[in-house]
Amino acid sequence: MAILASSRSSAGRTPGEPCTGIEIELLSAATAEVKLLIAELDAVLGAVYEPEQRHGLSVDQVFQPNVRFFVARIDGAAAGCGGIALFDGYAEVKRMYTREAARGRGVGKALLGRLAAEAHAAGKPVLRLETGTLQAAAIGLYEGFGFRPCAAFGHYAELPPRRIAASLFYEKPL
């Protein structure tokens with residue numbers, strides 16, 4: 001199912017509202033595009049974080065029953081991806097990524113809007129995420145979208161402190 005994110009121009013949109021021309025597609029299985037997007041994300045994160053500091057789901061894990069995974073497209077080309085994992089009492093943003101060539105065009109905002117809508121539709125009262133301390137653009141995106149710092153949650157709260165030393169945790173009430 002593909003959903004056109006918005007019909008307004010980028011100049012007339014409100015914060016958190018996606019740009020025109022971005023389509024968000026819910027996927028039910030891994031595709032070559034998804035594998036490539038996740039490999040690109042892993043390469044970006046692998047260049048700055050030690051393996052024990054990376055907490056991303058594998059391609060197989062993003063297609064489990066409790067996860068909804070989406071690809072964002074501009075003019076039909078994959079520009080980014082992201083998903084939500086559904087847990088008791090909250091949903092968690094997973095594997096958010098926008099290709100460098102598409103950054104600044106509203107892809108991240110469009111994906112976050114779709115993820116928040118999906119979490120809300122699933123009856124989750126809060127959307128949470130973990131990101132890295134070195135991900136300045138992502139942090140700006142999340143804070144601009146209304147996410148606020150919170151304590152480690154879920155399985156992160158059970159990890160030794162060294163495993164989450166490079167992590168920041170955020171949440172946004174839905």
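Rings of Phe, Tyr and Trp (its six-membered ring) pair if their centres lie within 6.5 Å, with planes under 30 degrees apart counted as stacked, over 60 as edge-to-face and the rest as tilted. The structure holds 8 aromatic pairs. The model is predicted: local features need pLDDT of at least 70, side-chain atom pairs count only at pLDDT 80 or more, and totals for chains, interfaces and linings use all residues. Residues are numbered from 1 along each chain as its sequence is written, and side-chain values use heavy atoms, with hydrogens and water left out.

**View 1. The F153 and F169 pair.** These two rings form an edge-to-face pair, 5.8 Å centre to centre with 80° between the planes. The pair links distant parts of the chain, 16 residues apart: F153 lies in the loop between strand 7 (148-149) and strand 8 (167-173), and F169 lies in strand 8. Helices (H or I, at least four residues) and strands (E, at least two) are DSSP runs, numbered from the N terminus. F153 is buried, with a relative accessible area of 5%, and F169 is buried at 8%. Buried means under 20% relative accessible area, exposed over 50%, and partly exposed in between (1.4 Å probe, protein chains only).

**View 2. The aromatic cluster.** F87, Y90, F153, Y156 and F169 form one aromatic cluster. The charged end of R128 sits over the ring of Y90, 4.7 Å from its centre; this requires NZ of Lys or CZ of Arg within 6 Å of the ring centre and within 35 degrees of the ring normal.

**View 3. Helix 2.** Helix 2 (residues 107-121) has 15 residues and reaches 21 Å from its first C-alpha to its last, close to the 21 Å expected at 1.5 Å a residue. The expected span is 1.5 Å times one less than the number of residues. Among the buried residues of helix 2 are V107, L111, R114 and E118. Just after the helix, G123 takes a positive phi of about 80°.

**View 4. The largest nonpolar core.** Of its 26 residues, V93, V107, L127 and F147 touch the most other members. Helix 2 gives the largest share of this core, 7 residues. A nonpolar core is a set of buried Ala, Val, Leu, Ile, Met, Phe, Trp, Tyr and Cys residues joined through side-chain atoms within 4.5 Å.

**View 5. Surroundings of F147.** Not counting residues up to four places away in sequence, F147 touches V93, L112, L127, R128, L129, Y142, Y170, E171 and K172. Contact means heavy atoms within 4.5 Å.
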